[in-house]
Amino acid sequence: MAGHSDNDMALPRFDKPTKVAIVIAPYYTAIAQAQIAAAAAVLELAGVSHEVIEVPGSLEIPTAIGIAHRLSNFDGFVALGCVIRGATSHYDVVVNESSRALTLLGLQGICIGNGIITVETREQAEERADAARLNTAGGAAQAALHLIALTRRFGQPKGGIGFKTRPDVIEVAGDNEGPASA
Ligand SMILES: Nc1c(NC[C@H](O)[C@H](O)[C@H](O)CO)[nH]c(=O)[nH]c1=O
Ligand SMILES: CC(=O)[C@@H](O)COP(=O)(O)O
């Protein structure tokens, strides 16, 4: 289980190679190291390979995911970062805009688990980054895997209505001579 949830969904199983990018903003080094370890443990348990991509801050995570999705071949992404409130409203900008951008990318069909920790204190961050405590990074990895599985479940070739093409035959509408062979 991750976070405060009491719902421990079983990890999905994949029947073909699956690759995930962990996109992390290591703003706080020790926190970031714990987050990467927690997310990697979940991905390895599911038999999924991963690559770690580092960006300066959480505001850059959505842009990095957009770039990687467009230019590479990852099946999904785990967004990891840590935003601790300071003395100004910049916290709200970083938290709100990074999460909004990740949500918009997700609505475009990119499989993203959001593990950006947004807290008031360092102690809260440590508790959430710790795989043995709230394990929010592990939860984000699980979320990404479930979205990949969902994509593959609904992305299967559809049976049902309409003619079914054959790879060896070219069907031409209105052709009374019968199908030409490819
Ligand atoms: N204060 C935190 C930041 N701030 C940096 C921004 O995310 C961004 O890199 C900068 O505004 C340049 O675009 N980032 C975090 O991840 N965590 C923080 O606590
Ligand atoms: C979350 C932040 O952006 C924070 O680190 C910035 O601190 P401050 O608001 O004191 O400038």
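1. A polar contact is a pair of N or O atoms within 3.5 Å. That cut-off is needed for the contacts of ligand 1, among them the one to Glu-60: an N or O atom in the side chain of Glu-60 lies 2.5 Å from an oxygen atom of ligand 1. The model discussed in this note is predicted.

2. Two further residues approach ligand 1 through N or O atoms. Tyr-27 uses its side chain, with a polar atom 3.4 Å from a nitrogen atom of ligand 1. Taken alone, ligand 1 exposes 440 Å², and the protein buries 75% of that area.

3. The shell around ligand 1 should be read as a whole. Its residues are Tyr-27, Tyr-28, Gly-57, Ser-58, Leu-59, Glu-60, Cys-82, Val-83, Ile-84, His-90 and Val-94. By class, 7 of these residues are nonpolar, 3 are polar and 1 is charged.

4. Which secondary-structure elements each supply at least two residues of the shell around ligand 1? They are strand β3, residues 76-84, and helix α3, residues 90-107. The most is given by β3, with 3 residues. Cys-82 is located in this strand, β3.

5. The database record may be set beside the model. In an unreviewed entry, UniProt lists Tyr-27, Ser-58, Leu-59, Glu-60, Cys-82, Val-83, Ile-84 and Asn-114 under "binding site". From this set, Tyr-27, Ser-58, Leu-59, Glu-60, Cys-82, Val-83 and Ile-84 belong to the lining of the largest pocket. Ligand 1 sits in the largest pocket.

6. Ligand 2 also requires attention. The residues around ligand 2 are Val-83, Ile-84, Gly-86, Ala-87, Thr-88, His-90 and Tyr-91. They divide into 4 nonpolar and 3 polar residues, with no charged residue in the shell. Strand β3 and helix α3 each contribute at least two residues to this shell. Ligand 2 sits in the largest pocket.

7. Which side chains place an N or O atom 2.5 Å, or a polar atom 2.7 Å, from an oxygen atom of ligand 2? The distance of 2.5 Å belongs to an N or O atom in the side chain of Thr-88. The distance of 2.7 Å belongs to a polar side-chain atom of His-90. Ala-87 takes part through its backbone, with an N or O atom 2.8 Å from an oxygen atom of ligand 2. Taken alone, ligand 2 exposes 330 Å², of which the protein buries 72%.

8. A further "binding site" feature, again from an unreviewed UniProt entry, is placed at Ala-87, Thr-88 and Arg-128. These positions are spread over 42 residues of sequence and are also spread in space, with up to 23.0 Å between C-alpha atoms. Ala-87 is found in the loop between β3 and α3.

Key: Residues are numbered from 1 along each chain as its sequence is written. Chains are lettered from A and ligands numbered from 1 in the order in which they are written. This is a predicted model: local features need pLDDT of at least 70, side-chain atom pairs count only at pLDDT 80 or more; totals for chains, interfaces and linings use all residues. Side-chain values use heavy atoms; hydrogens and water are left out. A residue is near a molecule or strand if one of its heavy atoms lies within 4 Å of it. A polar contact is a pair of N or O atoms within 3.5 Å; within protein, one must be able to donate a hydrogen and the other to accept it, and residues adjacent in sequence count only if both atoms are side-chain atoms. Accessible areas come from the Shrake-Rupley method with a 1.4 Å probe; for residues, only the protein chains shown count as cover. On a 1 Å grid over the protein atoms alone, a cavity is a set of points where a 1.4 Å probe fits but cannot get out, and a pocket is an open set with protein on both sides within 12 Å along at least five of seven lines; lining residues have an atom within 4 Å of a point. A molecule sits in a cavity or pocket if more than half of its atoms lie within 2 Å of its grid points. Helices (H or I, at least four residues) and strands (E, at least two) are DSSP runs, numbered from the N terminus. Ala, Val, Leu, Ile, Met, Phe, Trp, Tyr, Cys and Pro count as nonpolar, Asp, Glu, Lys and Arg as charged, and the others, Gly among them, as polar. UniProt positions are given in the numbering used here, feature names are shortened, and annotations may be inferred rather than shown by experiment.
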